[in-house]
Amino acid sequence: MNPVVLNSQQISRAISRIAHEIVEKNSGCDNLALVGIRTRGVPFAKRLQAKIKSIENVTLQLGILDITLYRDDIQTGRSHPEIRSTEIPFPVEETKIVLCDDVLFTGRTIRAAIDELMDFGRPAGVQLATLIDRGHRELPIRPDYVGKNIPTSKSQLIKVRLNEEDGEDQVILVDAPQ
Amino acid sequence: MQYSQKHLLGIKGLSKEDILAVLNAADTFKVYTQRDIKKVPTLRGRTIINMFFEPSTRTRTSFEIAGKRMSADVINIAGSSSSVVKGETLVDTVKNLEAMNCDILIIRHGEAGAAELAARHLSNPVINAGDGYHEHPTQALLDLMTIREHKQELEGQKVTIVGDIAHSRVARSNIYAMKTLGMDVSVVGPPTMIPADMEKMGVKVFHNLEKGIKDADVIMMLRIQMERQNKTFFPTLREYSNLFGLNLQKLKKAKKDVLILHPGPVNRGIEISTDVIDGPHSVILNQVTNGVAIRMALMYLLLGLSDETVN
């Protein structure tokens, strides 16, 4: 059995706390937007949006990034992931943006996401929210909001399963196959 | 869905999944081409050689823009300015270009099979940008993308292709693709311009334009290729235009929501009248826009698989 590191209730509490932290740190919701990184950063961002709505009664703008074309590990000989659309339905210029992703690992995804975001304009600032920080950064990137820090070995896998994508809410730690 | 081939030499031999993989990726790339900053860093450091032994504006520019939007370095070589005029063989030219580490070779040539010949001597992907009377696969893909964009579904659509079917690589590639995707294809043209075995491919043949376009969801007009008409297949251009040229009058016989495609360049007033080209049914310029997205998608898909032994 793989250990469950967060169950449904714990995920929900973590998201509540992060929502409060975002509102606190930014002194409200002015000029603030959420951007989820595909795939599971998107439901994470949507839940934050709903939670912030229940706290502040403000619906933040929500964008979606598909960073496939900005990755640095493409062309390694493996077949490409299917690319899906990026949707940023608001002006990025002078907006404070909270990037949302499910797991923070090497930081390379976030680097790609920041690069893509910059192609839409010059945001006033970019913050980072992650449900799980598992360490092993390869770039100087740190999160502003963390659901849970989980020490892992590099060979392990963190599997975030969210209702919207997987039909259940759970984070599990998987030992890599020998 | 994954594109399973190493090259794109023709539509013949591609599966439905291969074709749809390119179309789906292209739909996404199109969104990128509509942004303010149209360039993505995906193919940074890659080199793409665009080798054209026949005249072209649309296709050559489209490949060049596609490569540049993906941040690749694109080098254009015109046949007339290459060492081929000094007597170098195609295979030698291609091998020399590979020796300079080009990652994708795009080739247009007047002889059928030129792209395949190049592919046999190259370890990197080759894209056929038109070879003689044989195939023009990227044109067929961008045509399908355009049809799908307007009609949502491809399966079951009725398409009528009008013109010199026998000498058209566009028609050939489109017929292969459309039959693979379960579309209903008819062709219209004078008997001298229709290949003998069309019915065997499941294609209906008409020699009367009005009859041929009556039920069509899509009409694809082909260019009368003056440069290939050293043998004449019809008595005069005016007669051809009267019988097989599309104008508003004849278009009244077609469906209200019919789409008009033309691979370009158009001979205004010969195979298609000006009011039809610029009219509401025409998606000729959408085809050109989609061409860039299709070619970006292909470069992306082909380089992703280039290190694997596929096909």
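Which side chain meets B:Asp184 in a salt bridge? The partner is B:Lys204, with N and O 2.9 Å apart. This is a predicted model, and the count over all chains comes to 26 salt bridges.

- B:Asp184 has a relative accessible area of 22% and is partly exposed.
- B:Lys204 is also partly exposed, at 41%.

**The pair A:Arg47 and A:Glu164**
- The side chains of A:Arg47 and A:Glu164 form a salt bridge of 2.7 Å, N to O.
- A:Arg47 belongs to helix α2 (residues 41–56) and A:Glu164 to helix α4 (residues 163–166), 117 residues apart in chain A.
- A:Arg47 counts as buried because its relative accessibility is 17%, and buried means under 20%.
- A:Glu164 is partly exposed, with a relative accessibility of 46%.

**The pair B:Lys255 and B:Asp217**
- In the salt bridge between B:Lys255 and B:Asp217, the closest N and O atoms are 2.7 Å apart.
- Both residues lie in loops of chain B: B:Lys255 between α9 (248–251) and β9 (259–261), B:Asp217 between α7 (209–213) and β8 (218–221).
- The pair is 38 residues apart and links distant parts of the chain.
- B:Lys255 is partly exposed, at 32% relative accessible area, whereas B:Asp217 is buried, at 11%.

**A network in chain A**
- A:Lys25, A:Arg142 and A:Asp144 are joined into one network by salt bridges that share partners.

Methods
Residues are numbered from 1 along each chain as its sequence is written. Chains are lettered from A and ligands numbered from 1 in the order in which they are written. This is a predicted model: local features need pLDDT of at least 70, side-chain atom pairs count only at pLDDT 80 or more; totals for chains, interfaces and linings use all residues. Side-chain values use heavy atoms; hydrogens and water are left out. A salt bridge is a side-chain nitrogen of Lys or Arg within 4 Å of a carboxyl oxygen of Asp or Glu. Helices (H or I, at least four residues) and strands (E, at least two) are DSSP runs, numbered from the N terminus. Buried means under 20% relative accessible area, exposed over 50%, partly exposed in between (1.4 Å probe, protein chains only).
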